[in-house]
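Work through the following exercises with the sequence and the structure at hand. Each task is followed by a solution in steps.

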Amino acid sequence: MTAKHTALIVGVGASEGVGAATARRFAREGFHVAVVGRTAAKVDKVAAEIRAAGGSAEALVGDAAVEADAARFVAAADAQNTLLVVVQNAGSNRRDSILELQRADFEQLWREHCLGGFLIGREAARRMVPRGSGSIFFTGASGSLRGKAGFAAFAAAKAGLRAVAQSMARELGPKGIHVAHVVVDGGIGGARLLGRAPQLRDERGPDGLLSYEAIADTYWQLHTQHRSAWTHEIDLRPWAESF
C-alpha cells in the first residue's frame, strides 16, 4: 500500500489506548501514520503492529511541549507524504488538593496539554494553510469544561487547550483547515486506566467505559466531514454515564 498522505498522531502510549487506536484507524484508510510518544519502546511497538497488519507507519520519540521536538515531528510527518491530519492526544493527569499542589506539577500539566497543543497545532498550520486543507484535532476532557475538586492543574491545562483550539478554529477554518476539540467525558477502557483499576471493567458493566477504538472512529469521522457541516466540538461519553 502506497500512502499519499500522512496522519501525525501525538501522544501514543500502549497499544490499548486512544493514540494507538487512532493511528491504526488512519492506517487502515491508507494513510502513512507518524506515531509520537515519549517512550521509544511503546511507539516502536505500535508502529511495528501497524506495519505487520499491512499499514505504513514510523515511530518518533520526543516531547511535544518542547518547541524543537514539535517542529521535528511535523517536519518528519510532512517529509515524504503530504501531512493532512494531526491528532494531539498527549498529556497526563494527576490528583492533588489545592493546598498541596506544587507549582512545578501545575506547570508540567499545562506544558503537556496546553503548550504542547499550541506548538503542534501551530507547526501543523504552517504547513497546511498554504495548501488550503488539513485537519487538526485535540483530545479534551471533562476538565476542559469544568474544574473538579482535586484536579485544578488538569482542568486549567485542558481549559487552556480548549481555548487554543477555539481560537485556531476561528482563524484557520476560513482558510480551509478543520480544527476540532473532542471532549472525552468518562473513563477510557484502555491500559492506562485499567492498569491502575482493573475492577472498573466489571463495576461499570458492558460499554460502561469509553472504547478507545470508538474514540478513534470519531476522529476519522471528523476528518471525513464535508466542510459545509464541520464540527468544532463534540463530547463523547458512555451511554450509562451521568452528565
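**Exercise 1.** Determine whether T218 is buried or exposed, and state where T218 lies and which residues T218 contacts.

*Solution.* Step 1: T218 has a relative accessible area of 9%. Step 2: buried means under 20% relative accessible area, exposed means over 50%, and partly exposed is in between, with a 1.4 Å probe and protein chains only. T218 is therefore buried. Step 3: the residue belongs to helix α8, residues 212-224. Helices (H or I, at least four residues) and strands (E, at least two) are DSSP runs, numbered from the N terminus. Step 4: apart from neighbours within four places in sequence, T218 is in contact with I234 and L236, where contact means heavy atoms within 4.5 Å.

The model is predicted: local features need pLDDT of at least 70 and side-chain atom pairs count only at pLDDT 80 or more, whereas totals for chains, interfaces and linings use all residues. Residues are numbered from 1 along each chain as its sequence is written, and side-chain values use heavy atoms, with hydrogens and water left out.

**Exercise 2.** Carry out the corresponding analysis for H113.

*Solution.* Step 1: H113 is found in helix α4, residues 103-128. Step 2: its relative accessibility is 2%, so H113 counts as buried. Step 3: not counting residues up to four places away in sequence, H113 touches Q88, A90, G91, S92, F154, A157, K158 and L161.

**Exercise 3.** Describe how α1 packs against α8.

*Solution.* Step 1: two packed helices are described by the angle between their axes and the distance between the axes. Axes are lines fitted to C-alpha atoms, for helices over the stretch in contact, and angles run from 0 to 180 degrees between N-to-C directions. Step 2: for α1 and α8 the angle is about 50° and the axes are 8 Å apart. Step 3: angles under 35 degrees count as roughly parallel, over 145 as roughly antiparallel, 65 to 115 as roughly perpendicular and the rest as oblique. The helices α1 and α8 are therefore oblique to each other. Step 4: the contact involves V18, A21, T22, R24, R25, F26 and R28 of α1, together with Y212, E213, I215, A216, D217, Y219, W220 and H223 of α8. Step 5: sorted by class, the contact of α1 with α8 has eight nonpolar, two polar and five charged residues. Here Ala, Val, Leu, Ile, Met, Phe, Trp, Tyr, Cys and Pro count as nonpolar, Asp, Glu, Lys and Arg as charged, and the others, Gly among them, as polar.

**Exercise 4.** Describe the packing of α1 and α2.

*Solution.* Step 1: the axes of α1 (residues 18-28) and α2 (residues 40-52) come within 10 Å and cross at roughly 25°. Step 2: α1 is therefore roughly parallel to α2. Step 3: A20, A23, R24 and A27 in α1 meet V46, E49 and I50 in α2. Step 4: this contact of α1 with α2 has five nonpolar, no polar and two charged residues.

**Exercise 5.** State the strand order of the open sheet, and explain why one side of each edge strand is left without a neighbour.

*Solution.* Step 1: the seven strands have the order β3-β2-β1-β4-β5-β6-β7, with parallel pairing; two strands pair if DSSP finds at least two bridges between them. Step 2: β3 (56-61) and β7 (233-236) stand at the edges, each with a single partner strand, so one side of each has no neighbour in the sheet. Step 3: β2 (residues 32-37) and β3 pair in the parallel sense over six bridges, and V35 stands opposite A59 in β3.
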